Amino acid sequence: MNKNDILTIKVGSVSYKMYLPNKEVDAIQKILYAENRPFEHVLLEDMVSRLDKDSYVLDVGLNIGNHAMYLAAHGINVIGFEANKKLFCIAQESVKLNKFEKRVKIHNCGISNKEHKAYFDVEYVENMGAMSLSMGEKEGRESIQCKTLDSFNIKEKISAIKIDVEGMEAEVVGGGAI
């Protein structure tokens, strides 16, 4: 891991690290690195103001963990889901850098209304979070496992759900009675 790919973000009384290995090309990583503040900061401040410490949030469409790291730094627990293996691995590094393993649990899978396979038809290196899943399998494309929220048997009381899944929001909600 290159030290130049680690950004320390300080917001108010908290600080945390973000691993940004694609900061030269990926839109979200570029913004974080250039502005040295969380992406969608106003939204995140509002979430923190409404959530109790130690509450639980689902982050469906985790991306690089921008929302999860901010929430965890504020004492909120996150259960995250990211279908894109590259983004999942980046988020996983940020979890480790911050020693948030007890506060942030992440899963590398898609979330849908039923279990099935999917793939990314097109890869956008300039905005990796803007990639949409296509159902089924396609030769030459990595197969992604999709599961339902209910299949995770989450026992914790969920206080909020953030969903950013490029058009599959209805499927995500349809797979969870949480």
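1. C146 is buried, its relative accessible area being 0%, and in this predicted model its sulfur lies 7.6 Å from the closest cysteine sulfur, that of C109, which is too far for a bond. C146 and C109 are both among the members of a core of 19 residues, which also includes I111 and V165.

2. C89, by contrast, counts as partly exposed, with a relative accessibility of 32%. The closest cysteine sulfur to that of C89 is again in C109, at 13 Å, and this too is too far for a bond. Since a disulfide requires two cysteine sulfur atoms within 2.5 Å, the count of disulfides comes to zero.

3. The largest nonpolar core has 34 residues, of which Y16, M18, L32, I64, M69, F100 and V104 touch the most other members. Two or more residues each are given to this core by β1, β2 (14-19), α1 (27-35), α2, α3, α4 (85-97) and β5 (104-107), and the largest share, six residues, comes from α3.

4. For I64, leaving aside residues up to four places away in sequence, the contacts are M18, L20, I28, Q29, L32, L87, I90, A91 and S94.

5. In helix α2 (residues 41-50), the buried residues are H41, L44, M47 and V48; they lie on the same side of the helix, because they cover an arc of only 120° around its axis. The cover over these buried residues includes β1 (6-11), β3 (56-60) and α3 (66-73), whereas the face of α2 turned away from the buried side carries the exposed residues V42, S49 and R50.

Conventions:
Residues are numbered from 1 along each chain as its sequence is written. This is a predicted model: local features need pLDDT of at least 70, side-chain atom pairs count only at pLDDT 80 or more; totals for chains, interfaces and linings use all residues. Side-chain values use heavy atoms; hydrogens and water are left out. Buried means under 20% relative accessible area, exposed over 50%, partly exposed in between (1.4 Å probe, protein chains only). Helices (H or I, at least four residues) and strands (E, at least two) are DSSP runs, numbered from the N terminus. The arc is that of the directions from the helix axis to the C-beta atoms. Contact means heavy atoms within 4.5 Å. A nonpolar core is a set of buried Ala, Val, Leu, Ile, Met, Phe, Trp, Tyr and Cys residues joined through side-chain atoms within 4.5 Å.
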